[in-house]
Amino acid sequence: MPQAYADKFREDGFLVVHGLFDHHDDIAPIRKAYTQLIDALATIYMIETDFAERESYASLSLADRFAILLGASGGAAMHHLDPILNIYLPNYQHHLELPSAQIPALFNFMRQKKLLDVLEHLIGGEIFASPIYHVNFKLAKKHLERVEMVAKSVNQDNPALEGFYNFQVGKTDWHMDAISGLSDSHESQIVNAWIPITEARAENGCLLVIPASHKSGVLPGASDEMIERAIPLEVNPGDVVILDNKLLHGATSNTSTDDYRWAFNFRYLPIGQTSGRPFLPGFVARSRKAPHTELHNPYIWSTMWDRALAYRVEHGAPYSYAALRANEISDEEAKSITAHWQELAPDANGWLRLGRA
Ligand SMILES: O=C(O)CCC(=O)C(=O)O
Ligand SMILES: [Fe+2]
């Protein structure tokens with residue numbers, strides 16, 4: 001990757017790398033593996049809730065199947081698939097008896113060579129994969145309605161009432177990622193790799209960014225004046241969007257009739273800097289200086305998550321998300337939470353020992 005890319009990223013706060021991944025070799029496998037996970041979870045919840053229309057499930061589109069999963073689980077599916085935010089909810093549930101959402105294909109995708117090579121140009125060769133990653137599966141109105149209908153038909157809670165539902169499957173509001181981490185991470189050099197699995201268009205929910213807004217410090221949101229400068233990033237599977245942690249961004253609504261927009265986003269930062277969510281497990285994705293510290297085994301990763309999430313269920317979140325967003329956690333407190341977790345789980349072995357004798 002030419003130096004001009006890194007310069008542009010520093011200037012604009014975002015970068016679109018077109019055609020980094022091969023559709024067939026790189027995107028299709030993660031799509032297939034994750035779809036199998038969605039189908040397995042949906043099958044389990046449909047059986048458990050005795051969902052009347054489960055015979056026709058297999059013939060439906062992925063958006064319809066995903067909607068059934070959300071509805072039949074009463075939203076628990078998002079706790080499982082995207083626990084990084086849901087752990088803050090008072091009713092957070094972790095289902096160890098379900099197939100892990102931290103599937104090998106996802107781990108392997110996070111540490112793909114092509115992606116790490118791009119990141120190395122931006123943040124250097126000591127790369128830590130932050131525990132903050134998300135799956136955003138933006139449904140059209142028709143499918144959002146289906147979610148609520150299914151939930152009602154099986155007497156489950158309405159998932160649309162859950163705190164992070166909009167971000168995960170509805171509309172992404174204006175924000176910078178930095179504000180969702182403890183304040184001691186605000187100066188960490190965190191970058192977000194936003195990776196579309198489907199086409200992202202203005203109609204189905206593409207990213208919106210405000211160029212160079214990362215230079216304005218940590219802001220709670222975007223002003224109308226800033227929003228006027230926003231540009232849509234329409235991209236295809238294979239493309240990657242890299243965002244600075246302080247770049248203001250959001251997404252358009254999915255106004256399509258029945259299209260869905262699916263993307264993963266993963267955060268990376270130089271090893272040794274703080275991720276902003278120290279009580280969840282990250283891992284060394286690449287280390288040129290100490291390659292033996294890299295994590296290569298996807299099953300270790302999923303067990304680190306199982307241990308961390310079970311611990312969360314037992315102990316609750318270390319602070320409330322509302323307090324974080326209201327700036328009520330002092331810098332001192334943030335530092336002390338991070339220090340506590342660095343001691344408890346300094347590396348992969350620490351996470352594996354968590355909650356054990
Ligand atoms: O995919 C989305 O709409 C959410 C994107 C986002 O906010 C992020 O990747 O940080
Ligand atoms: Fe974001």
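The entries below go from the ground rules to the ligand, then to the cavities and pockets.

**Ground rules**

I noted that this is a predicted model, where local features need pLDDT of at least 70, side-chain atom pairs count only at pLDDT 80 or more, and totals for chains, interfaces and linings use all residues. Residues are numbered from 1 along each chain as its sequence is written, chains are lettered from A and ligands numbered from 1 in the order in which they are written, and side-chain values use heavy atoms, with hydrogens and water left out.

**Entry 1: ligand 1**

Which residues come nearest to ligand 1? I found Thr172, His175, Asn192, Trp194 and Arg261, out of 14 residues around it. To count as near, a residue needs a heavy atom within 4 Å of the molecule.

Next I looked up polar contacts to the ligand, which are pairs of N or O atoms within 3.5 Å. His175 has a polar side-chain atom 3.0 Å from an oxygen atom of ligand 1. Asp177 also places a polar side-chain atom 3.0 Å from a ligand oxygen, and for His249 the distance is 3.1 Å. Taken alone, ligand 1 exposes 290 Å², and the protein buries 100% of that; such areas come from the Shrake-Rupley method with a 1.4 Å probe.

I then sorted the shell around ligand 1 by class: four residues are nonpolar, six polar and four charged. Here Ala, Val, Leu, Ile, Met, Phe, Trp, Tyr, Cys and Pro count as nonpolar, Asp, Glu, Lys and Arg as charged, and the others, Gly among them, as polar.

**Entry 2: the largest cavity**

Where does ligand 1 sit? It sits in the largest cavity, meaning that more than half of its atoms lie within 2 Å of the cavity's grid points. The grid has a 1 Å spacing and covers the protein atoms alone; a cavity is a set of points where a 1.4 Å probe fits but cannot get out, a pocket is an open set with protein on both sides within 12 Å along at least five of seven lines, and lining residues have an atom within 4 Å of a point.

Strands S2 (126-138), S3 (191-196), S7 (249-251) and S8 (261-270) each give two or more residues to the shell around ligand 1. Strands here are DSSP runs (E, at least two residues), as are helices (H or I, at least four), numbered from the N terminus. S8 gives the most to that shell, with three residues.

I counted four cavities of 30 Å³ or more. Of its 14 lining residues, Phe167, Thr172, Trp194, Leu207 and Asn265 are closest to the centre. S8 again gives the most, with three residues of this lining.

**Entry 3: the second largest cavity**

This one has a volume of about 70 Å³. Its lining includes Asp177, Ser180 and Arg267, and by class it has three nonpolar, six polar and two charged residues.

**Entry 4: the pockets**

The largest pocket has a volume of about 600 Å³. Phe128, Ala345, Pro346, Asp347 and Trp351 lie nearest its centre, among 29 lining residues.

The second largest pocket has about 350 Å³ of space. Phe164, Phe167, His175, Tyr321 and Arg325 are the closest to its centre, of 17 residues in the lining.

How values were computed. A polar contact is a pair of N or O atoms within 3.5 Å; within protein, one must be able to donate a hydrogen and the other to accept it, and residues adjacent in sequence count only if both atoms are side-chain atoms. Grid points are joined across faces, edges and corners, and a volume is the space filled by probe spheres set on the points.
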